[in-house]
Amino acid sequence: MIQQAIDFRDESDALFTILDALDEEGWARKTQFKQWTINDIVAHLHLGNYLADLSLKDSDAFTEFMRSLAAASKPGAGRLDSTHAWLAGIKNRELLYRWRDFYREMTERFAAAEPRRRVKWVGPDMSVLSSITARLMETWAHGQAIYDLTGRERSASDRIKNVAVIGINTFGWTFPNRGLPAPAVRPYVRLTAPSGATWEWNQPDQKNLIEGDAVEFCQVVTQTRNIADTTLKVVGESANAWMSIAQCFAGPPENPPAPGTRFRQTP
C-alpha cells in the first residue's frame with residue numbers, strides 16, 4: 001500500500017471539514033491567493049485529482065482529455081475558466097461533495113498501484129508515487145488559502161514531510177526553471193516536525209543552512225508564505241538565494257507572495 005495515498009486522503013478530509021462548515025456566501029469569498037474564490041480552489045483541486053486518476057487508469061484517455069480540454073477553451077480563456085467550463089457551472093456544496101467522493105475513490109486506486117510505474121502528466125511523466133504525493137502537496141498548499149481566509153488554525157501533522165521532501169527535491173530544478181545556474185552546494189536543512197522529531201537533509205554546514213519549523217519551510221517552498229514572514233533561520237548565499245525563489249510545484253516560474261500578503265485572517 002502506498003502510504004502517500006492515505007496521507008493525501010487524510011489531508012483532503014481535513015480540508016473537507018473546514019469547507020463543510022461554510023455557508024452559501026462563503027464559497028464566493030476571495031482568498032489571498034490570486035483573488036481566487038473558495039469555489040475556484042476546490043474546482044482546481046478536483047480537476048487536478050481527476051487528471052491524475054485518469055492518467056493512472058488510461059494514459060491514452062488522459063492524452064485525449066487534455067486535447068479536448070484545450071480545444072474547448074475559448075480564445076483568451078485561462079486554465080481556471082476551462083476548469084469551470086468542464087464542471088458545467090457546478091459550485092458550492094455540490095462541488096464540495098463531488099470533490100470529496102472522487103478523492104476518496106481515487107485514494108483506493110493509488111494506494112493499490114505499483115509505486116514505480118510511470119504515468120503521464122501535464123509536464124514530464126512521473127512515477128505513481130510522485131503523482132499522488134504531488135496531489136497531497138497541491139491540496140495542502142491550496143488549502144492554506146482557505147484556512148487563512150476562514151481564520152481557522154491548521155492542525156499540523158507529520159504527513160507534511162511529503163511536502164518538505166518535494167521542496168528538497170526541487171532545489172536543483174528551481175534555479176534552471178528561471179534560467180539561473182543552481183548553486184553547486186545544497187544547503188543543510190534541519191527542520192522540527194509537528195511531532196517534535198528532527199528532519200535533516202544534506203551535509204551539516206552552519207554557514208549554508210536552513211533551520212526551523214517544518215510547517216514554515218513547507219509554506220515557503222509552496223509559496224504560501226514569504227520567507228520574511230517566517231521564523232526560519234537562513235544562513236549563506238545559496239540558502240538565501242533558494243528561499244527567495246523556492247518553488248516546489250511544476251510550471252513556469254512563479255514569484256513568492258510579497259511579504260505580509262499571506263496570513264491567517266481574523267475569523
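In helix H5 of this predicted model, which spans residues 92-111, the buried residues are Asn-92, Leu-95, Leu-96, Trp-99, Phe-102, Tyr-103, Met-106, Thr-107, Phe-110 and Ala-111. Here, buried means under 20% relative accessible area, exposed over 50%, and partly exposed in between, with a 1.4 Å probe and protein chains only. Helices (H or I, at least four residues) and strands (E, at least two) are DSSP runs, numbered from the N terminus. Residues are numbered from 1 along each chain as its sequence is written. Local features need pLDDT of at least 70 and side-chain atom pairs count only at pLDDT 80 or more, while totals for chains, interfaces and linings use all residues; side-chain values use heavy atoms, leaving out hydrogens and water.

From its first C-alpha to its last, H5 reaches 29 Å over 20 residues, close to the expected 28 Å, a span given by 1.5 Å times one less than the number of residues. Its buried residues are covered by elements including helices H1 (3-20), H2 (38-57) and H6 (128-150).

What do these helices build together? The largest nonpolar core has 40 residues, of which Leu-19, Ile-38, Trp-99 and Phe-110 touch the most other members. Such a core is a set of buried Ala, Val, Leu, Ile, Met, Phe, Trp, Tyr and Cys residues joined through side-chain atoms within 4.5 Å. H1, H2, H5 and H6 each supply at least two residues of this core, and the largest share, eight residues, comes from H5. A second, separate core of 29 residues includes Phe-171, Val-220, Val-221 and Ala-239.

Turning to a loop, Pro-187 lies between helix H8 (171-174) and strand S3 (188-192). Pro-187 counts as buried because its relative accessibility is 1%. Beyond its neighbours within four places in sequence, Pro-187 has contacts (heavy atoms within 4.5 Å) that include Phe-171, Trp-201, Ala-239 and Trp-242.

Finally, the structure holds zero disulfides, a disulfide being a pair of cysteine sulfur atoms within 2.5 Å. The sulfur of Cys-218 is 8.0 Å from the closest cysteine sulfur, in Cys-248, which is too far for a bond. Cys-218 is buried at 0% relative accessible area, and Cys-248 also counts as buried, at 5%.
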